[in-house]
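Please look over the sequence and the model shown here, and then follow the report from the strands of a sheet to the helices and a pocket.

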Amino acid sequence: MSQQQRSSEEYRINGLIDAREVRLVDADGSMIGVVPLRDAFLRAEDAGLDLVEVSPTATPPVCKILDYGKFKYEAQKKAAAARKKQRVIEVKEIKMRPSIDDNDYSIKMKKVKEFLDEGDKVKVTMRFRGREMAHQHLAMDILNKVKDEVAELGKVEQMPKLEGRQMIMVMAPLK
């Protein structure tokens, strides 16, 4: 972790706070108001806790009286929980040809539906070989059929467009 990244995550506590006045929040969460920094230190000392600057950009800065060790531990737990819930959306690709058979098409559609159910984007690529380029309408018909079949699971994010010798359509899940 770099120095700049670490300093933005950590809070200034006790003697590191350099404001003359602070907006103070008590240990039980009640707002005390704007007080001189010295008074805030004394209140924190009397409570046996730390004075933590939670919002340094406010004027005057907002400080809370709390146990800094416990505060850091809770923040780490929250960050770990957020990382655990986070899911990277992948783009899965399904390749087809304009002359695809019905059985192959149904197998590919099963995979498209599975990918959209899992929350991934699907890139449907229609490849052309040789003289198939003259029959782009067949590929467009197949892509429209795909779009209609998965309308309840996903929406078209990028309409079919021709790139070189292939036609590409991107679909995203609805949820």
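Keep in mind throughout that the model is predicted.

With that definition in hand, we can turn to a single residue: Arg-23 stands opposite Val-34 in β3, and in β5 the bridge partner of Arg-23 is Val-62. In general, the strands of a sheet pair through backbone hydrogen bonds, either parallel or antiparallel.

| Residue | Partner | Partner strand |
|---|---|---|
| Arg-23 | Val-62 | β5 |
| Leu-24 | Cys-63 | β5 |

The strands β2 and β3 also form a hairpin, with five residues between them, and in its turn Gly-29 has a positive phi of about 95°.

In what order do the five strands of the open sheet lie? The order is β1-β4-β5-β2-β3, and the pairing is mixed. The strands at the edges are β1 (12-13) and β3 (31-36), each of which pairs on one side only.

Two helices lie across this sheet. Helix α2, made of residues 37-47, lies across β2, β3, β4 and β5 and runs at about 125° to β3, while helix α3, made of residues 68-85, lies across β1, β4 and β5 and runs at about 40° to β4.

The loop between β4 (50-55) and β5 (62-66) holds Pro-60, and a cis peptide bond, with omega of about -10°, joins Thr-59 to Pro-60.

Empty space can be described as well: rolling a probe the size of a water molecule over the atoms shows where it is left. The second largest pocket has a volume of about 150 Å³, and its lining consists of Tyr-11, Phe-71, Glu-74, Ala-75 and Lys-78. Of these lining residues, three are nonpolar, two are charged and none is polar.

Finally, an unreviewed UniProt entry carries the annotation "domain: Translation initiation factor 3 C-terminal" for residues 89-173. In the model, the end C-alpha atoms of residues 89-173 lie 10 Å apart, and the span is 35% helix and 36% strand.

Terms used. Residues are numbered from 1 along each chain as its sequence is written. This is a predicted model: local features need pLDDT of at least 70, side-chain atom pairs count only at pLDDT 80 or more; totals for chains, interfaces and linings use all residues. Side-chain values use heavy atoms; hydrogens and water are left out. On a 1 Å grid over the protein atoms alone, a cavity is a set of points where a 1.4 Å probe fits but cannot get out, and a pocket is an open set with protein on both sides within 12 Å along at least five of seven lines; lining residues have an atom within 4 Å of a point. Grid points are joined across faces, edges and corners, and a volume is the space filled by probe spheres set on the points. Ala, Val, Leu, Ile, Met, Phe, Trp, Tyr, Cys and Pro count as nonpolar, Asp, Glu, Lys and Arg as charged, and the others, Gly among them, as polar. Helices (H or I, at least four residues) and strands (E, at least two) are DSSP runs, numbered from the N terminus. Two strands pair if DSSP finds at least two bridges between them. Contact means heavy atoms within 4.5 Å. Axes are lines fitted to C-alpha atoms, for helices over the stretch in contact, and angles run from 0 to 180 degrees between N-to-C directions. UniProt positions are given in the numbering used here, feature names are shortened, and annotations may be inferred rather than shown by experiment.
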